[in-house]
Amino acid sequence: MPDDFPLALQIEVSSVCNLDCFMCQRLSWGSGEEGLMPLSIFRRLEDSLREAERVILYGIGEPLMNPDIVEMVKFARKTMGDNGEVLLSTNGTLLTPELAGRLVKAGLTSLYMSLDSLNEEKLKGIRRGINYTSALENLKFFLKNFGSDVEAGLEYVVMRENLGDLPGFVVEAAEMGVSRILVSHIVPYSEEAARQATYTTVSEEAIEIGRELLGMGWQVIVEAARFFVSLGYVGSVVESRMVELLSKAWRKAEAAGVELNVPLLLSGEVYLNLLDDVRETFRRAERAAREYGVELALPPVTFRVNARVCPYVEKRAAVVRWDGMVSPCQEYIHDHHLYVNKHSKLFKAHFFGDVKERSIKEIWRSREYVEFREKIGLLPDTVPWCGNCPYSTLKCWFVDSNEVDCYGNSPSCSECIYSTGMAKCNI
């Protein structure tokens, strides 16, 4: 099928939110990022909505903060026709019975609620500011009254805090009438969030090759230094099992064409026991989902670096920020910080156009946007993976921001968690 227009439009109708979730990208923003999309800008998307198969109403904020949300759903549904899907993702706190009824009447086809635990205290610690009782009551009302007409699902960000809760969560959600649960690993917008991660940015291939080095610490490097000093200045070799293990790993990596992020492997950041716990927890959650007939979408526990793929390119999706600016994915719509591979990174927003000046179709077909998609469509060949590279953890100059990488890409997707499948967008 020709790539002439996007099949999916993710529209950030609000970057304003009524919660203060500890892992949210908004915590690392500067000024000027918050806003509500005017209805006039939303209506400018009419031509693209006619050709899109799916419209997704959420971004970094809470879409129900926008007072025009019902009219936006109605406009999208009317423009797209009966075959178009209109999805909304919400934290549920503002989804009152009255608003829920208006949204469904306007033509909403899918509603997802972000809910990371059914333990009240735990959820309050994650979704700071949430009213647990009202959010849960809103969900139950929606499921009871509209669950047979509208796809109703939950989005669950898995982290160390709530990993063990997942199987029970699946059961309780199923008993409430939830039909689908989308699980994503946490995206580390802060060092605090990174400490909650239940995955590693080191690839499956590199873990297997460097397995014997895991958690051994910098004593390995000290031993290697002593080895080379003795060889170069004394003329004799200081025997070292650690040096042999390091040399063996390097030889294997070279033969396999795999980079080794030795500092990350040695640091103890790759916890095999944790990864085993994640596997077992996911297996239990899958068994519960099968038993209760719930569609459960889980992220991988580890990933293969050569299997990376951009979900936005794969699904032919574009993102429109609240002010009409068009980006290739959700990560590019706001300036923010990441904490990945043990370093902080400034992630700069990137846009290919403005719907106030050009149509989505014109922007989508622009030379710059087409070339970007073509490049990202070949991600493993065209974009480096810094999680396997020692220089990223040692903070080389290419990881300070996403503005350029060591392959010359500008902007760069070199540390994108979404490309590994670990983090998932509901697009």
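Biologist: In which handedness of crossing does α3 pass α4?
Modeller: The crossing is right-handed, a term for the near helix being turned clockwise from the far one by less than a right angle. Please note that this is a predicted model, in which local features need pLDDT of at least 70, side-chain atom pairs count only at pLDDT 80 or more, and totals for chains, interfaces and linings use all residues. Residues are numbered from 1 along each chain as its sequence is written, and side-chain values use heavy atoms, with hydrogens and water left out.

Biologist: At what angle do helix α3 and helix α4 pack?
Modeller: The angle between α3 (residues 69-80) and α4 (residues 97-106) is about 20 degrees, and their axes are 8 Å apart. α3 is therefore roughly parallel to α4 (angles under 35 degrees).

Biologist: Which residues meet there?
Modeller: From α3, Ile69, Val70, Val73, Lys74 and Arg77 meet Leu99, Arg102, Leu103 and Ala106 of α4; contact means heavy atoms within 4.5 Å.

Biologist: Changing topic, how many disulfides are there?
Modeller: The count is zero, where a disulfide is a pair of cysteine sulfur atoms within 2.5 Å. For Cys386, the nearest cysteine sulfur is that of Cys406, 6.1 Å away.

Biologist: Is Cys386 buried or exposed?
Modeller: Cys386 is buried, at 9% relative accessibility (buried means under 20% relative accessible area, with a 1.4 Å probe and protein chains only).

Biologist: And where is Ser14 found?
Modeller: Ser14 lies in the loop between β1 (8-11) and α1 (39-43). Ser14 is buried, with a relative accessible area of 1%. Leaving aside neighbours within four places in sequence, its contacts include Gly35, Leu36 and Ile60.

How values were computed: Axes fitted to C-alpha atoms, helices over the stretch in contact; angles between N-to-C directions. Helix = DSSP H or I, 4+ residues; strand = E, 2+ residues; numbered from the N terminus. Parallel < 35°, antiparallel > 145°, perpendicular 65-115°, else oblique. Buried < 20%, exposed > 50% of the residue type's maximum accessible area, 1.4 Å probe, protein only.
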